[in-house]
Amino acid sequence: MIARTESGDVLSPCIAAVPQVDPVNLVPWQGRLLPETQRVLVKVDLDMAKAVVTSARHLHGGRNPADQFAAEVLVRRGLYKYAGEVLPHPPASTAPLARRTRWAVTAAAIQYWGAGDAEAAHRVLGDVGSPVAEAHRAGLLLLEGRTRAALTAGEKVLRDRQLPDEAIKPAVTTVVVAAGLAGRFDRALAAVGRPGPGRPWFAEIGYAHCFALLMAGRVRHARRIAQDGYQDAVTAGNIEVAAGWLALRGQVAKARGDLITAITDLETASRLFDGGNSCFMLAPCLAELAAARAMSGDQAGAEQTRRLVTDRAPESRLFAPWLTLSQAWTTAAGGDTALAARQARSAAELAMALGQYAVEATARYDVARLGNPNTVRHRLAALAAVVQGPVVPAMAGAADALARSDPGALDVATAKFTELGMDLLAAETATAAAAVRHTATPPGGMACPDATTPLLRLTAPLIELTRRERDVALLAAGGFTSPAIGHRLGLSARTVDNYLSRAYQKLGVTSRRDLAPLVTGDRPQPPIHGEREHR
C-alpha cells in the first residue's frame, strides 16, 4: 500500500515542494538540486501559495472557510507569517467540534513553528480538548523533548476505541517515536498496529516504525521497511514521501557501516526536505549526514553540514542529543578524540535528562568508541536493564571489553554486532581485538573500508599510548606540523612536541618518518585537509 502523507499539522511542519520527477529517472536526478535551483523553488512555492490564497478569497468572498483553507495551504508550505494573516477568528464555542479542532490545529502550528510560542500552541489545542487536538498536543510534548510526557499523553489518546482517523497519525507517530527513544520497543510496536484494518495508513507512521526498529537493533528489518517504502513512493511518483524513506535508508546504511550509501541517501533527502522551507526530519537527517561524513574522514564536509542545521533546520529539543553527538564525531575527524569523547558524553547526559534512554546508550557507547570506555561501562550495564532488546547489552559488553583490553570479550562483542547487522561496530571491535593481540587486523576488520573511526585506526603500537599521545601521533603520522596539530587540539606547539617525544620513547622511534608506518599499519589513511580547506 502506498503511504499517505499530510504535512502542515503541528507535529509535521512542511516538506518542501519539489518538482515531480519521473520515477524512472529519480536515481540519476538525486543530488542535482543546486542552491540556485533551490532558491527558484522557494520563490515558485511562495508565489503559488500566495496565488492560492488570492484565488480562494476571491472565489468565496473572503468567508471563513476560504480563509481557513488558505491558512492551511500556507502552513503546509511553511509560510507561517502569511498563514497568521489570513487565518480567520476562532469559531464560536457553539460551532461544530470538527471545525473548532481544524482551526486550533492550524493556529497551533502557526504559534509553534512561526512564532516559537509553545505555550500558546498548547493553550489553543487545550481549549478545544478534542481527541485530535490532544493527539497534536502529545506531538508538541515530543518536539519539546518531554519524552515521558509525550508517551503518556499519546497512549491516553490511543486508548479511545472511537478515535477519529484525524487523530491516528499524530497519536501513533508520537507514541512510536517516544517509545523508541525511551527504549520501550514493546509499546512502540503495539502503537504501530493501533490503526487496525480499514483505517488510513500514513507515511509518518511507517517512518516512526522504521526508526523504532533501528533503535531496537533490528537493522535488517528496518532496512527492508525503508527500501520497500522508498520503492513504493518512487513508483507512485511521491517525492515528498520518498525523501523521508531516503533519510531513514541513509540512517540504516550508517548503522551498517555503508557510509557511501549513507552519505548519498542522507544528502539527497536533506535537499528534498529543504527548498527554503523546513521539515521536522531535516535536523536529524543533517546530523546523521554530518556524522557519516566525519566517520569517513571528511571533517570539512561534516563541518559544512553541521552549519546547515543552524541555517535551515527548525529548532527542537527533541533532536538536541543527535546534534551534539554529530559534533563529537566531527571533532573526532579533526583528530581531537579527547574533546570528542567529552562532547559525546554531553550528548548522553542530555539524552538521559530528556528520557531518551536508547539514544543515551548510543551516545555512551560512542564515548567508548572515542577512547574513554572506563567512564561509561557501568552506566551502559545499567542501561541494559532499562532499554529493551539486544543492542545495549552488546554495547555494554563491548565497552567493558575495551576498558579491560580483553581480546576474547571483544571477539564476543564482534559476533553480537555482526549478528545484529551492525557491521561498523563489529569491524571496530575486531580491529581492537587484533591490536590487543598484537596481530594483523583480520579481514573482518576491513568490512567497512570507507570508515575512518578511531577504533578502526587502532594498531598494536597505539595501544601503548595515552589518548592525547595517540591523537598527536596520528596527526603527526598524517603529515601535520606541530603548530598545525596544536591548532587542532588546542595545544601549544611545545606541548605537542612533548607529547610526541613521549610517544617516540614508548614506541622506540626517533622521527615522524619512522612513526607513520608504525602507528597506521597497513590501513589506508583518510585524506588530510589543510586548515580552512574544503573539498
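Start with the second largest cavity, whose volume is about 260 Å³. A cavity here is a set of points, on a 1 Å grid over the protein atoms alone, where a 1.4 Å probe fits but cannot get out. Grid points are joined across faces, edges and corners, and the volume is the space filled by probe spheres set on the points. This is a predicted model, in which local features need pLDDT of at least 70 and side-chain atom pairs count only at pLDDT 80 or more, while totals for chains, interfaces and linings use all residues. Residues are numbered from 1 along each chain as its sequence is written, and side-chain values use heavy atoms, with hydrogens and water left out.

Select F211, F280, M281, P284 and F319, which lie nearest the centre of this second largest cavity among its 17 lining residues; lining residues have an atom within 4 Å of a point. Helices α9 (165-182), α11, α13 and α15 each supply at least two lining residues, and α11 gives the most, with four. Helices are DSSP runs (H or I, at least four residues), numbered from the N terminus. The lining divides into 14 nonpolar, two polar and one charged. Ala, Val, Leu, Ile, Met, Phe, Trp, Tyr, Cys and Pro count as nonpolar, Asp, Glu, Lys and Arg as charged, and the others, Gly among them, as polar.

The structure holds five aromatic pairs. Rings of Phe, Tyr and Trp (its six-membered ring) pair if their centres lie within 6.5 Å; planes under 30 degrees apart count as stacked, over 60 as edge-to-face and the rest as tilted.

Next, select Y207 and W245, an edge-to-face pair at 4.9 Å centre to centre with 75° between the planes. Y207 is in α11 (residues 203-215) and W245 in α13 (residues 239-256), 38 residues apart. Y207 counts as buried at 8% relative accessibility, and W245 is buried at 2%. Buried means under 20% relative accessible area, exposed over 50%, and partly exposed in between (1.4 Å probe, protein chains only).

Move to Y365 and F417, whose ring centres are 5.8 Å apart with planes at 45°, so this pair is tilted. Y365 lies in α19 (residues 357-369) and F417 in α22 (residues 407-420), so the pair ties together parts 52 residues apart in sequence. Y365 is buried at 0% relative accessibility, and F417 is buried at 0% as well.

Now show helix α15 (residues 282-295). Its 14 residues should span 20 Å at 1.5 Å a residue, and the end C-alpha atoms are 20 Å apart, which agrees; the expected span is 1.5 Å times one less than the number of residues. In α15, 14 of 14 residues are buried. Just after α15, G297 takes a positive phi of about 95°.

Finish at the largest cavity, which holds about 500 Å³ of space. Five cavities of 30 Å³ or more are found in the whole structure. Select K254, A255, E288, T362 and D366, which lie nearest the centre of the largest cavity among its 24 lining residues. The elements giving two or more residues to this lining include α13, α15, α17 (320-333) and α21 (391-404); α19 gives the most, with five. The lining of the largest cavity divides into 17 nonpolar, three polar and four charged residues.

Technical notes: 1 Å grid on protein atoms, 1.4 Å probe; cavity = no way out; pocket = protein on both sides within 12 Å on 5 of 7 lines; lining within 4 Å.
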